[in-house]
Amino acid sequence: MKQKLVKTAIAFFGIMITFTVLSRVAYNISTPKVILGKAENMEMGPNIIGNGVVEAQEFVPVAVEGQKTIQKISVLEGQKVKAGDVLYELDLKKLEKEIEEKKKELKGLELQIESAKSAQMVAEQAKALTKSQAVADYERAVQMADQEIATAETVWREAQEEYRQFQGNPSLYPDKTEQECLQKIEETRKAYEFAVSAKDENLYQAQKAIDLADVPEAKDTSVEQAELTKASVEKQLSALKELQSAEGKVVSPMDGVVSAVNIQVGGMTSGSGTADILIADTSAEMMLKVQFSEENKEHVIVGANVKLISDVLMETEKNAVGKLKITAIQQNTETGAGVEASIRIPPNTLPIGTSVGVQIETSKKMYSGCIPLEALHQEEGNQYYVYTTDEKKTILGTEVIARRVDVTVEYKGDRYAAVKGLSVDQNIILSSSKQISDGGRIKPQKQ
């Protein structure tokens, strides 16, 4: 019997030990494991970063006059070119045909100009002859009118003299009466007055002919127009011959980057003032267009100093760019949110199309109580808090628990926040394997 009780007691204590071990295992498994840390002194300030691409500001269009057939294109968009590099080639056979057509056109214009000049000369001679005839007719009219007036005046004077003789001795004119003599005087007087009046009318008509001959005719500009057309055709022909001499090859006039290719093989050149190929001038000042988020736009101001951030660029390249400033700001037209800042880049420093990060230089301040953002929590009403550690005595011994501490955020950056409300020596829970609560058990781990 005694031996049986001993066995029962051993079994009971064995079971108790087993449950105690299992309880401890369950406790360890259910208790959140946490990483602890402490608030630090840290210099903090806004970290305003945007991304942008280097763009050219000056472009040189490359084109040929008129529409020409493209035989070959030697460049692609974004390709670097040097002055004299072949951009594209024209169809030589069609170029030669166009030259022959221009020569014929030029010959036709020369004949047209010669004909127009001849017609102008004939017209000028005819006008001069007309005026000469009008002047001669006027002089002849004056002469004839004066002769007729003189004759009429003589006849009138003779009639008057005859009447005086008749009055002195009527017997000298037995066949006439006094009435007839007076009638003759009246008729000859009227004839004289008619001759004077006719002279005025005839001279008026003759003068009209002279005046009409003097009226300037509308200027004939056919010769000038034809000569302008001829000059244009000669210029076109000269350009065609230059292309022919260059074997139809169109070259870059400068060092730069191909910004746009607006032609295709087998197609035609624009011939309408549009560039066949657009070359970005790398020797001119460039522009870095940088996008910043809406929340950071208050820090994006004209004149702000900026620095480049890039893992691709070497320090020598960054140094070559030098100090940079924001020169202009506008609303982001692509997304409608945030702003776009323009930053001038010195020529021959960064390649066109380079994508880089840009950081605005802002003032920073030394803060105490800086903690990682992971350790900062927020509840409704914008109340911030952190979890620290505390101890609690239990029947199983002293346990480590989490304790909530409300804090005030002084500054919040990308990775850290500066807070008030913590003591220097307080342990802060940086992270936890499980969700924790105020007063809940925790198990600190080595960091």
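**View 1. Helix 3 runs for 37 residues.** From the first C-alpha to the last, helix 3 reaches 54 Å, close to the 54 Å expected at 1.5 Å a residue. (That expected span is 1.5 Å times one less than the number of residues; helices are DSSP runs of H or I with at least four residues, strands are runs of E with at least two, and both are numbered from the N terminus.) Keep in mind that this is a predicted model, in which local features need pLDDT of at least 70 and side-chain atom pairs count only at pLDDT 80 or more, while totals for chains, interfaces and linings use all residues. Residues are numbered from 1 along each chain as its sequence is written, and side-chain values use heavy atoms, with hydrogens and water left out. Among the buried residues of helix 3 are Cys181, Ile185, Leu203 and Ile210. (Buried is under 20% relative accessible area, exposed is over 50%, and partly exposed is in between, using a 1.4 Å probe and protein chains only.) What do these buried residues pack against? Their packing partner is helix 2, where contact means heavy atoms within 4.5 Å.

**View 2. Helix 2 covers residues 92-168.** Look at the start of helix 2: a side-chain oxygen of Asp91 comes to within 3.1 Å of the backbone nitrogen of Lys93.

**View 3. Thr69 sits in the loop between strand 4 and strand 5 (70-73).** Thr69 is buried, at 13% relative accessible area. Its side chain makes a polar contact with the side chain of Lys94, at 3.5 Å. (A polar contact is a pair of N or O atoms within 3.5 Å; within protein, one must be able to donate a hydrogen and the other to accept it, and residues adjacent in sequence count only if both atoms are side-chain atoms.) Leaving out residues up to four places away in sequence, Thr69 also touches others, including Glu89, Leu90 and Met268.

**View 4. Trp156 and Tyr192 make one of the four aromatic pairs in the structure.** Their ring centres are 5.5 Å apart and their planes meet at 25°, so this pair is stacked. (Rings of Phe, Tyr and Trp, taking the six-membered ring of Trp, pair if their centres lie within 6.5 Å; planes under 30 degrees apart are stacked, over 60 edge-to-face, and the rest tilted.) Trp156 belongs to helix 2 and Tyr192 to helix 3, so the pair ties together parts 36 residues apart in sequence. Trp156 is buried, at 14%, and Arg157 lies over the face of Trp156, 4.9 Å from the ring centre. (A charge sits over a ring if NZ of Lys or CZ of Arg is within 6 Å of the ring centre and within 35 degrees of the ring normal.)

**View 5. Tyr367 and Tyr411 form another stacked pair.** Here it's 6.1 Å from centre to centre, with 15° between the planes. Tyr367 is in strand 16 and Tyr411 in strand 19, so this pair links parts 44 residues apart in sequence. Tyr367 is buried at 13%, and Tyr411 is buried at 17%.

**View 6. Lys241 is a residue of helix 4 (residues 222-245).** With 37% relative accessibility, Lys241 counts as partly exposed.
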